[in-house]
There are 2 protein chains.
Amino acid sequence: MSDTQLNHSTDKVAGTSPSEVRLKAAAAGQAARLMAARTTEEKNAALVAMANALNAEAASLIAANQEDLERGRENGTSESLLDRLMLNEERIASIAEALRLVADLPDPTGNVVETIERPNGLRIEKVSVPLGVIGIVYEARPNVTVDAAALCLKTGNAVVLRGGSAALSTNKRIAQVLRGALAQTTLPPDALQVIEDASRASVDEMLKLNGLLDVIIPRGGRSLIDNVVRNATVPVIETGAGVCHTYIDASADAAMAEAIALNAKVQRPSVCNSMETLIVHEDFAKRGLRPLADSLLSRSVELRGDERTLALVAEAKPASEEDYATEYNDYILNIKIVDNLDEAAAHIARFGTKHSECIVTENEEQAVRFLNEIDAAAVYHNASTRFTDGFEFGFGAEIGISTQKLHARGPMGLPALTSTKYRIYGSGQIRG
Amino acid sequence: MSDTQLNHSTDKVAGTSPSEVRLKAAAAGQAARLMAARTTEEKNAALVAMANALNAEAASLIAANQEDLERGRENGTSESLLDRLMLNEERIASIAEALRLVADLPDPTGNVVETIERPNGLRIEKVSVPLGVIGIVYEARPNVTVDAAALCLKTGNAVVLRGGSAALSTNKRIAQVLRGALAQTTLPPDALQVIEDASRASVDEMLKLNGLLDVIIPRGGRSLIDNVVRNATVPVIETGAGVCHTYIDASADAAMAEAIALNAKVQRPSVCNSMETLIVHEDFAKRGLRPLADSLLSRSVELRGDERTLALVAEAKPASEEDYATEYNDYILNIKIVDNLDEAAAHIARFGTKHSECIVTENEEQAVRFLNEIDAAAVYHNASTRFTDGFEFGFGAEIGISTQKLHARGPMGLPALTSTKYRIYGSGQIRG
């Protein structure tokens, strides 16, 4: 099986040599065919070998990381970004430990998920299989390089990783260490590819690599994801943006409503499952908005509201249409007062991103309506939207949170990195 | 819930009025929210009402169809295309009957497919839900208009149908009849939209309608599908192309091999699951290729082969690389002789489209290897590739055959038109 799978990919210009991206994707494609035949035990042993190699090579990883940090400081990178980029012994140990946890998870491939017996004697099995070659386009944090590689290899896939230029030295060293570890196992090192071309061109090329990449998953900020969604011809799993709402119904328990709203806003405002807009039923607003607003203000949350909110909360600024559509990822919250669930649902349909939405209510009928009628990956009754997360859902891993409806929706664990195939067993059947 | 969902869609130019495509997609979006709340009984009753309306309006449908046929004749459309376009009483009755059969199928929405109980008391239910608004871009046959509408409505979706200009009069009349039928039921007529703008611009606009369309499914020939895959920013389910192989192993039963190969090639050469290339093990070729070739030649199949084939079958022409990559959909067959399974698998990996692949063998070990190692939507042991079909798989319906690995792979029945959402039931849980 030595031929390269170049036939479906975009046209090559005669005489030019293949790019780094194309060569590495093709090598990953070869490796993917070998990966699909590896046992769970072989894959797990490789993950443990990768973890051990990270521990053993901590010093050289930190040295490579220093190059990135120095370049970042010269370029005026912010301290918070530098912190995300930074590796130390403790972080490397934690990344290695995460690899061992992935090794302990069940293998989602090779399961017969459906068997069909046909009257003509055909037996049809639907079996879970790896996707093939997965492209990941992401930004600075080097732990994503290891995490994504681990999840893709665990599921029998090959992976082509294109991280941000800020972490290039670190990512190159990680690739050397992990590929070196794979070379000592039965898994092909070519199943793990790190693109070193830090130009925009390498991303653009990946997005069009139909036939060589089976799927692309973007991980990062809005502009990175939008670029992938707008320009990819390879199938994409969109992850990301969350303009999440919490709706406090008339009958809500005030203490519960406050606890959930505070948690959704301030426990970690920078993430996609945090709340951007609080919607409050008029009846609750009259009795409960003022103390709730005080509680939010005491946590340094800037409030923006509609006219009815401003009448009750003088500290709030007016909220614009643009505010309602914005994922702040910050200590800012919109508040809107409504007359009923229909009005809340219409606001969510208009401004939400179909990520995570919550109703706080003691009224069962309102809860059922909200959970059924709101179109989002995760809909909550009396719990914080911050739970939309692969680990919190008990998946043991998370490759991202899908905000699209195809293939995977919401937190994606290992099964999101698989496809299926039909195996059909016959005894000479032909179609009449 | 009266707001339109325009916020995620592509930018509008201030002052211009919305296009037909945008208006109809937005109306479908409103209807989709109502559709998701309709019961199985309501949806089935609407499908029967639609079937009855088609029967009752046969004369007006045939009259509209005549306009398309006359325009087609004036434009020099081929007889075979005119035949695909043509409606008569019998065909309309058959289309209406298909609607009733869809009504009888199980509803794939509203099923709790997984329940997770978390240590913190959260109960997480994964439930099947409609996709939302489905765009279908297709070509001439007007039965697709009815079929696709029925499958989308059955699964609680709204649908925006953009058929070929050749069938425009017919499709407009079908839309009037079916929407009129829906108006007599509890389903919103706006759940069924037919785009009348027959220009390329209306397709281009649909492909970029993120936020208004949840998915686009192309149905038609290679160029239609390629245009959708290359240009859509809305998620796509790719259907279509099949360069399918049958591999006759050394140990194959000669009579079975002949029956399967003939069936895969000549039973209906024009469809995607028919065979384009026959791969033959050298040992079988020596004893069985000559009579098999005679059998194919007697059915008017033109043979093209590699050098080893030409030495055994003088009637064959040389096969080029391009031949091996071509979906003939015709009475033409490539033949290639190989030394072993690895060589066959390498050829399939290089030239196949991951649609349907078959091994004919009495050797169990070779069969297992083929079924595991060949990367295709459907892999067969001792049965014709012609069975790759939703009806033959027992799904009772088929929206197409997916050749991608995301979301759905192979024949797509009703479940392929659903997504999932997570419903989370709490009692005040917040994240620590």
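Author: B:Ala345 is found in helix 14 of chain B; helices here are DSSP runs of H or I with at least four residues, strands are runs of E with at least two, and both are numbered from the N terminus. B:Ala345 counts as buried because 25 C-beta neighbours lie inside 10 Å. The cut-offs for this term are as follows: a residue is buried if 20 or more other C-beta atoms lie within 10 Å of its own, exposed if 12 or fewer, and partly exposed in between, with C-beta atoms placed from the backbone. Along the chain, B:Ala345 and B:Asp375 are 30 residues apart, and their C-alpha atoms are separated by 9.3 Å.

The model is a predicted one, in which local features need pLDDT of at least 70 and side-chain atom pairs count only at pLDDT 80 or more, while totals for chains, interfaces and linings use all residues. Residues are numbered from 1 along each chain as its sequence is written, and chains are lettered from A and ligands numbered from 1 in the order in which they are written.

Helix 14 also has a part in the meeting of the two chains. In total, 66 residues of chain B are in contact with 67 residues of chain A, where contact requires that the C-beta atoms of two residues, placed from the backbone, lie within 7 Å. On the side of chain B that touches chain A, the elements giving two or more residues are helix 9 (222-231), helix 10 (254-266), helix 14 (341-351), helix 15 (364-373), strand 13 (378-383) and strand 16 (418-429) of chain B. Strand 16 of chain B gives the most, with 11 residues. By class, this side of chain B comprises 31 nonpolar, 21 polar and 14 charged residues. Here Ala, Val, Leu, Ile, Met, Phe, Trp, Tyr, Cys and Pro count as nonpolar, Asp, Glu, Lys and Arg as charged, and the others, Gly among them, as polar.

Elsewhere in chain B, two helices pack against each other. The axes of helix 2 (residues 40-56) of chain B and helix 6 (residues 143-154) of chain B come within 9 Å and cross at roughly 165°. Such axes are lines fitted to C-alpha atoms, for helices over the stretch in contact, and the angles run from 0 to 180 degrees between N-to-C directions. Helix 2 of chain B and helix 6 of chain B are therefore roughly antiparallel, given that angles over 145 degrees count as roughly antiparallel, those under 35 as roughly parallel, those from 65 to 115 as roughly perpendicular and the rest as oblique. B:Lys43, B:Ala46 and B:Leu47 in helix 2 of chain B meet B:Ala150, B:Leu153 and B:Lys154 in helix 6 of chain B. This contact has 4 nonpolar, no polar and 2 charged residues.

Helix 2 (residues 40-56) of chain A packs with helix 7 (residues 168-183) of chain A at an angle of about 135°, and their axes are 8 Å apart. The angle makes helix 2 of chain A oblique to helix 7 of chain A. On the side of helix 2 of chain A, the contact is made by A:Ala46, A:Ala49, A:Met50, A:Ala53 and A:Leu54, which meet A:Val177, A:Leu178, A:Gly180, A:Ala181 and A:Leu182 of helix 7 of chain A. The residues of this contact divide into 9 nonpolar, 1 polar and no charged.

In another pair, the axes of helix 10 (residues 254-266) of chain A and helix 11 (residues 282-298) of chain A come within 10 Å and cross at roughly 35°. Among the residues of helix 10 of chain A in this contact are A:Ala257 and A:Leu262, and those of helix 11 of chain A include A:Leu292 and A:Leu296. By class, the contact has 6 nonpolar, 2 polar and 2 charged residues.

Two loop residues deserve a look. A:His407 lies in the loop between strand 14 (400-402) and strand 15 (410-412) of chain A, and its phi is near 75°, a positive value in a residue other than glycine. A:His407 counts as buried, with 22 C-beta neighbours inside 10 Å. B:Ser300, in the loop between helix 11 (282-298) and strand 9 (302-305) of chain B, likewise is not a glycine and has a positive phi of about 65°. B:Ser300 is exposed, with 8 other C-beta atoms within 10 Å.

Finally, of the 432 residues of chain A, 53% count as buried.
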